[in-house]
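Let's take a walk through this structure together, one region at a time.

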Amino acid sequence: MPRFNDVVLDNQIQLLSSPPIAPPPSLQLTPTLRLIPTGPHSLYMRILSLLTLVGTMSTAHSLVVGGGGSHLSAEMRAKLKSTAEQMCQSGKGLTACDEGPATIGSRFEAVGITNSEETRRIYRQMLFTAPGCENYLSGAILDPETLYQKSDDGVLFPELLKSRGILPGVKPHLKIYTLPGTNGDTVMQGLDSLNVRCKEYVEAGAVFAKWRSPLVIDTKKGCPTSLAIKANMHDLARYALICQSEGLVPIVEPDISLTGTHTLEESIDINIKVQAELYKAMIDHGVYMEGSTLKPNIVNAGRDCPESYTVEEIGSANIRVLRDVFPVAMPGANFLSGGQSLREAAGRLSAMNKVKGNSPWNLSFSWSQALQLPLLDLCKGKGELQLEPMAKLYVEELEIASKAAKGEWDGEGGGHGKKRKLANLFA
């Protein structure tokens, strides 16, 4: 058998009695093994090394075709990067008001408000014009219906938002579909004709988009399955690629539900697996990473998990997941609330920012229910929207969210189970 008297990490493969083989430009920064064998099998080892080089070159070629947004013009890359950076400003976040008519309608009806297009327009107008909201918001995610609506003054909502320094975005995905044979795993539909819709959204004034891919942890059923993870993350990558080609910054949202009995440790493992698949797919698809952002769930134990965790443990768990897999090229992450109360979401986001250290990303919020459900509670028994008190409470909530995005929210709450602490946010 051959013996190896030299195995070193280098940028070329050196074969015995052969001149160095210079790697192609695409491999200049790709370390490979330099193997110098001795003994009667050197010819065999030379052939093996050549085959290894060919395989490495082939793999590298497949990775760099269209990689890193090279298919985009320099002007488009600059535009996407600038928009992504604006979305990830310190202390500012996204207001997620992209609920479809049926979803927001069910919330209206729960507090005795009639669901109509005009009611939805007036309500969203309040979210966009509340005095001072622009101090805490970098962007707003809109439903396609809202993208084409106007203010009382006849100004399209995207233009109204831009005039206040708030970037308008849109939700382009359609309905959830259950994958057969996966014990209930799902995928999001809407990739067909996405490029056509993106063109229309850009013409209407949108500058970014957000696609949600929901997953559920159920260890007894083996969910999420590897098939579901791969299908959803590759869908997110293809959506991101299409968005960028049309001039929209893509927010990728791998949304792992808080339902279930899984522990915090199990949640960490699955979130790492899901996000690792996502970023690999994005790179393989040629997505320009600096021109995209993330909207992840807050990593936590399932709601029915009997174990208890402090808010500090939850914050550290989220930073661990990000440090393991989140590319430094992406400027930030805006966490979803996922059914958490404002107190819970703010406590956990603030805990993340307190322990993130020198992590380079801006970690902020992109909340819907956490902000909006308390506003709608003000309408119970009134029969109509209470716009003035709703706007006042909304800005107070945004101030709390902003403090959490800077690690400055010190209100109690955010733990899980017996370690959960209760507090009045506005005391």
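## Helix α7 and its surroundings

The buried residues of α7 pack against α5 (144–147), α6 (157–163), β5 (167–170), β8 (208–215) and α8 (226–245). Please keep in mind that this is a predicted model. Which residues of helix α7 (residues 194–204) are buried? They are L194, R197, C198, Y201 and A204. Looking down the axis of α7, you will find these buried residues within an arc of 120°, so they line one face of the helix.

In the loop between β7 and α7 sits S193, which is not a glycine and yet has a positive phi of about 65°. S193 counts as partly exposed, because its relative accessibility is 42%.

Helix α2 (residues 74–87) has 14 residues, and its first and last C-alpha atoms are 20 Å apart, close to the 20 Å expected at 1.5 Å a residue. Its buried residues are L80, T83, A84 and M87. These cover an arc of only 100° around the axis, which puts them on the same side of α2.

Now turn to helix α4 (residues 117–129). With 13 residues at 1.5 Å a residue, α4 should span 18 Å, and the distance of 18 Å between its end C-alpha atoms agrees. The buried residues in α4 are T119, R120, R121, Y123, R124, Q125, M126, L127 and F128.

Is strand β3 (residues 93–97) largely enclosed or open? Of its 5 residues, 5 are buried, so β3 is largely enclosed by the rest of the structure.

Strand β3 pairs with strand β4 (residues 137–142) in the parallel sense over 5 bridges. Within this pairing, A96 has I141 in β4 as its bridge partner. Strand β12 (residues 362–367) also runs parallel to β3, and 2 bridges join them. Here L94 stands opposite S366 in β12.

In soluble globular proteins, nonpolar side chains tend to be buried together. In this model the largest nonpolar core has 99 residues, and Y123, Y239 and W367 touch the most other members. Helix α13 (residues 387–405) gives the most to this core, with 10 residues. There is also a second, separate core of 13 residues, which includes L72, A96, I141 and I251.

Leaving out residues up to four places away in sequence, Y239 touches P172, L191, L194, A209, K210, W211, P250, I251 and V252.

N353 belongs to helix α11 (residues 342–355). What makes N353 count as buried? Its relative accessibility is 12%, and the cut-off for buried is under 20%. The side chain of N353 reaches the backbone oxygen of L349 at 3.1 Å, and a polar atom of that side chain lies 3.3 Å from the backbone oxygen of A405. Not counting residues up to four places away in sequence, N353 touches L363, A404, A405, K406 and G407.

P327 lies in the loop between α10 (311–325) and β11 (332–335). P327 also counts as buried, because its relative accessibility is 16%. Apart from neighbours within four places in sequence, P327 is in contact with Y279, M289 and W361. The C-alpha atoms of P327 and E290 are separated by 9.2 Å, and the two residues are 37 apart along the chain.

## Backbone features to check

Most residues other than glycine have a negative phi, and most peptide bonds are trans. Where does the model have a cis peptide bond? One joins C223 and P224, with omega about 5°, and P224 lies in the loop between β8 and α8.

N183 is not a glycine, but its phi is positive at about 60°. You can find N183 in the loop between β6 (176–178) and β7 (186–188). With a relative accessibility of 51%, N183 counts as exposed.

Terms used. Residues are numbered from 1 along each chain as its sequence is written. This is a predicted model: local features need pLDDT of at least 70, side-chain atom pairs count only at pLDDT 80 or more; totals for chains, interfaces and linings use all residues. Side-chain values use heavy atoms; hydrogens and water are left out. Helices (H or I, at least four residues) and strands (E, at least two) are DSSP runs, numbered from the N terminus. Buried means under 20% relative accessible area, exposed over 50%, partly exposed in between (1.4 Å probe, protein chains only). A polar contact is a pair of N or O atoms within 3.5 Å; within protein, one must be able to donate a hydrogen and the other to accept it, and residues adjacent in sequence count only if both atoms are side-chain atoms. Contact means heavy atoms within 4.5 Å. The expected span of a helix is 1.5 Å times one less than its number of residues. Two strands pair if DSSP finds at least two bridges between them. The arc is that of the directions from the helix axis to the C-beta atoms. A nonpolar core is a set of buried Ala, Val, Leu, Ile, Met, Phe, Trp, Tyr and Cys residues joined through side-chain atoms within 4.5 Å.
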